Amino acid sequence: MPLKHKLYYALAAFHLLMVALYATHFAAWGNADNKVFDTMGKVGKFTGSNNIFSFFAPGISDQPYVVYAIKDSTGKEQLIDLTGKSLDFTNRLNNIYGYLTLPEARSVLSASMAQTILNLHPSASEIRVAMVVQKIPTIDEYNQGNRVQWQFWFQKDFRKMYPSKN
Amino acid sequence: MKKIFTHIASFFYAPVPKEMLGIFRVLVSGFALLQLLVLLPDWGWLYGPKGLIPWEISDALSTNGAPSLRTVSSVFGLSQNITVYIITTIYFLSLGGLFIGYKTRYMAAVAWLMHLIINTTGNLTAYGVETFTHIALFYCMVLPVGVSLSLDARKKICRVPGYLITLSVRVIQLHLCIMYLACGIEKAMGEQWWNGEAIWIAMQQDQFHHFNINWMAHFTLIPKLLCWGTLLLETFYPVAIFFSKTKRLWLAGIISMHLFIAVFLGLHLFGLLMMLLNISAFGLPYYGASIKTILKRCKLSIQYIKAFTVIKRKSALYP
């Protein structure tokens with residue numbers, strides 16, 4: 001076997017080692033704020049070896065949902081349900097809503113979503129972005145008569161500063 | 001000890017059918033094309049400059065320094081909308097090239113880069129399906145996936161040594177093994193996967209609520225069995241998928257699990273991609289012989305039908 005091919009084997013071994021390390025949440029082990037970790041993370045981003053695979057693990061958290069309420073200059077209110085045209089749109093939208101549960105991302109993401117809805121409804125002058133969370137009862141609770149509940153999480157109000165061009 | 005080394009050497013050097021890599025390429029690129037077409041009606045929302053998340057914000061929240069649509073737009077001085085059209089078109093064409101195996105490695109490299117750019121911009125909307133598409137496209141770029149079922153393979157003699165084909169297939173297989181093992185262990189650390197609540201909660205959530213499963217509350221063993229089955233399939237995947245007595249059962253089990261995810265949780269693209277990755281990584285050696293037998297029987301049946309039709313026609317002509 002030529003040296004080049006031996007090198008391929010070594011690279012493959014290193015790649016799989018990285019996959020295994022990141023799968024065990026390697027980045028969260030200790031002080032990840034150094035050049036080695038940073039380089040590994042960047043390499044991993046390009047090669048797909050820096051992923052964690054916590055799909056539905058260790059458990060399933062409550063599902064967040066966002067309700068948009070717009071108001072036009074006459075004070076008329078309307079509730080908006082944001083939906084897309086493709087089958088996968090809702091899955092991707094829910095991903096954004098997942099990030100909205102993080103307090104540090106909340107302001108900027110809710111402002112982005114508000115902007116999107118205001119662009120869709122040019123006559124609207126104000127918007128309220130409210131997040132609710134779906135609480136699912138356990139099987140035992142369900143059998144005792146409890147049902148799905150929506151709990152209020154947070155809300156943010158935005159007002160259009162300039163009239164829409166549309 | 002010597003026996004173990006022999007087994008390891010055989011695992012990494014013994015020849016495997018090169019068609020496995022061809023099937024991997026066709027299925028991955030075919031899937032990516034399908035995904036592009038499915039998402040196209042919402043493409044502007046997901047990746048456009050004035051989409052759900054404006055570029056400035058998605059770039060600011062992206063932590064990896066990978067190129068984004070905004071980077072391309074500013075580097076080449078293109079308008080933002082034109083950038084989206086150009087990158088999407090290049091992505092589509094490169095996937096087409098990869099699918100038919102024309103200049104395979106270049107096409108794979110371009111497809112991988114375009115996918116990276118698009119998903120750096122859409123990182124907040126991306127979920128597991130994008131993770132695995134990215135991994136699969138990376139493998140299409142670095143592994144010799146054009147050795148079979150491709151235009152490139154028709155033009156020239158395959159110069160890739162057998163052991164490199166084996167190494168390539170093993171890398172894909174072992175990546176899947178690591179992923180399922182990690183998934184299984186992480187799930188097993190949560191109580192919900194032991195008492196059956198995980199399936200119950202997932203299927204009750206509005207996001208995944210495609211079927212009414214309220215009846216499960218009266219048959220608590222069913223969600224428990226589904227959860228335990230998932231834990232079993234995922235945690236023991238790295239061993240059972242290679243063990244001769246369990247490999248076919250495990251492959252069928254894991255494909256069924258992803259089919260369940262696609263149908264009952266509405267994660268169609270994710271479920272489909274995972275099924276295709278498993279089929280391409282393990283399907284041919286495990287079910288290749290059975291498929292060949294079925295195809296042979298189909299061919300024979302067609303020949304019988306043709307012969308029967310000809311006899312019937314002749315008997316009608318000469319009563």
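1. Basis. This is a predicted model, in which local features need pLDDT of at least 70, side-chain atom pairs count only at pLDDT 80 or more, and totals for chains, interfaces and linings use all residues. Residues are numbered from 1 along each chain as its sequence is written, chains are lettered from A and ligands numbered from 1 in the order written, and side-chain values use heavy atoms, without hydrogens or water.

2. H13(B) and H15(B), geometry. Their axes cross at roughly 130° and come within 10 Å. Axes here are lines fitted to C-alpha atoms, for helices over the stretch in contact, with angles from 0 to 180 degrees between N-to-C directions. Helices are DSSP runs (H or I, at least four residues), numbered from the N terminus. The pair is therefore oblique; that class takes what is left after roughly parallel (under 35 degrees), roughly antiparallel (over 145) and roughly perpendicular (65 to 115).

3. H13(B) and H15(B), contact. H13(B) contributes Leu226(B), Thr230(B), Leu232(B), Leu233(B) and Glu234(B). H15(B) contributes Trp250(B), Gly253(B), Ile254(B), Met257(B) and Phe260(B). Contact means heavy atoms within 4.5 Å. By class there are 7 nonpolar, 2 polar and 1 charged residues. Nonpolar covers Ala, Val, Leu, Ile, Met, Phe, Trp, Tyr, Cys and Pro; charged covers Asp, Glu, Lys and Arg; the others, Gly among them, are polar.

4. H1(B) against H10(B). The axes of helix H1 (residues 2-13) of chain B and H10(B) come within 7 Å and cross at roughly 100°. That makes the two roughly perpendicular. Phe11(B), Phe12(B) and Tyr13(B) of H1(B) meet Tyr163(B), Thr166(B), Leu167(B), Arg170(B) and Leu174(B) of H10(B).

5. Leu167(B). This residue of H10(B) is buried, at 8% relative accessible area. Buried means under 20% (1.4 Å probe, protein chains only). Neighbours within four places in sequence aside, Leu167(B) contacts Tyr8(A), Tyr9(A), Ala12(A) and Phe12(B). Its C-alpha atom is 9.4 Å from that of Val16(B), 151 residues apart along the chain.

6. Ser168(B). Ser168(B) also sits in H10 (residues 162-188) of chain B. Ser168(B) is buried, with a relative accessible area of 3%. A polar atom of its side chain lies 2.6 Å from the backbone oxygen of Leu164(B). Leaving aside neighbours within four places, Ser168(B) touches Leu21(B), Leu143(B) and Pro144(B).

Note on methods. Buried means under 20% relative accessible area, exposed over 50%, partly exposed in between (1.4 Å probe, protein chains only). A polar contact is a pair of N or O atoms within 3.5 Å; within protein, one must be able to donate a hydrogen and the other to accept it, and residues adjacent in sequence count only if both atoms are side-chain atoms.
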